[in-house]
Amino acid sequence: MIKTQGLTKVFKIGKKEETELVAVNDLTLEVERGEVFGFLGPNGAGKTTTVRMLTGLIRPSAGIAQIAGFELGKNDTEIRQNVGILTESPGMYDRLTAEKNLTIFANLYDVPDNEKSVNKYLSMLGLWERRNDTVGSFSKGMRQKLAVARALIHEPQILFLDEPTTGLDPEASKTVRDFVEELKTEGRTIFMTTHNLDEAEKLCDRVGIFQQRLLTLDSPSNLREKMYGRRVVFHLRELQPGWVDLVSNMPGTGNVEAADNKLVISLKDPEQSNPEIVKALVLAGAEVQFVGEIRHSLEQIYLEMVNNSERGQR
Ligand SMILES: Nc1ncnc2c1ncn2[C@@H]1O[C@H](COP(=O)(O)OP(=O)(O)OP(=O)(O)O)[C@@H](O)[C@H]1O
Ligand SMILES: [Mg+2]
């Protein structure tokens, strides 16, 4: 659905445009149909610039991209018809009603039965009751919901969401998140940038960690495994020193750490190894109280990637 190769954006900055700023460097990426793809990176990483390039709003300095099968730079009109975009600070006609705002966009996109579409999205995003109020009187969350509706009014196959929940309260964020999930079940492709790693972990099939260049790309669970392997903690009533060697010598176990009354064991295949370890420990006289997997958050992975990349650039 989205395919880029060597996508690059260099801005010329300074009074005389004498300085070059590389915002996006050599981005090669593929997002499948129906996938929710998360684009994560710190402030100034180049996320918005990427979204703007992919939606035909700004021209890449180098590289190529195909969006919904259309060539960026050649079929930009078709691309615009097939993508919806929620920008960082969506502009609306403040003096017009929510309904009117949506109708204007529906007309702009030649939406066939525009009244029906407008009504559908007003109700889906919980704005039906407020449809006759001016957007100037809306709260931030309501504006954001309206902006999501606007991005969808022409039923695009691909939706670009630039930080869809930033600045929203937990309830409004949840409405937007639930909505993304619903769109996914409809088979739409979603490319979202976010700072909210929890959200990325819940919603996204794959995430790319990005800072000027793509640092890594995988599903949240594969990233966790790749970075840290899988670790399982065994809580025992008491820990005897000999048990560390006992489990270390078992097949499939990696590093074993002992702390308090716990054994923390790196395992390739915990589903296979856990029962055997429990059995061996019990035979040796241990009382096993709990067994649990230690999950690294996407946040830890993200921080590590971004910090390493910053160190590399210095
Ligand atoms: N129109 C522009 N002219 C010059 N420089 C720009 C322009 N747009 C973006 N930049 C620069 O490109 C870099 C990437 O900006 P971008 O807005 O893409 O970051 P971002 O990842 O979206 O950050 P944030 O998380 O803060 O939204 C920044 O250094 C920014 O100053
Ligand atoms: Mg941005």
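## How much is tucked away?

What percentage of the 314 residues of the protein count as buried? Here, 34% of them do. Keep in mind as you look around that this is a predicted model.

## The whole chain

Let's start with the overall picture. The protein has 14 strands, along with 11 helices. Taken along the principal axes, its C-alpha atoms fill a box of roughly 75 × 50 × 35 Å.

Now for who touches whom along the chain. Take the contacts with a separation of 6 or more: residues 24 or more positions apart account for 68% of these.

## Two helices side by side

Time to zoom in on one pair. Two packed helices are described by the angle between their axes and by the distance between those axes. Helix H5 covers residues 140–152, and helix H6 covers residues 170–185. Their axes come within 10 Å and cross at roughly 10°. Angles under 35 degrees count as roughly parallel, so H5 and H6 are roughly parallel to each other. The crossing of H5 past H6 is right-handed.

## Where they touch

Which residues make the contact? On the H5 side, look for Gly141, Gln144, Lys145 and Val148. H6 brings Ala172, Thr175, Val176 and Phe179. Sorted by class, the contact of H5 with H6 has 4 nonpolar, 3 polar and 1 charged residues.

Notes. Residues numbered from 1 in each chain as written. Chains lettered and ligands numbered in written order. Predicted model: local features only at pLDDT ≥ 70, side-chain atom pairs only at ≥ 80, totals over all residues. Axes fitted to C-alpha atoms, helices over the stretch in contact; angles between N-to-C directions. Helix = DSSP H or I, 4+ residues; strand = E, 2+ residues; numbered from the N terminus. Parallel < 35°, antiparallel > 145°, perpendicular 65-115°, else oblique. Left-handed = near helix turned anticlockwise from the far one by under 90°. Contact = placed C-beta atoms within 7 Å. Nonpolar A, V, L, I, M, F, W, Y, C, P; charged D, E, K, R; others polar. Buried ≥ 20, exposed ≤ 12 C-beta atoms within 10 Å, placed from the backbone.
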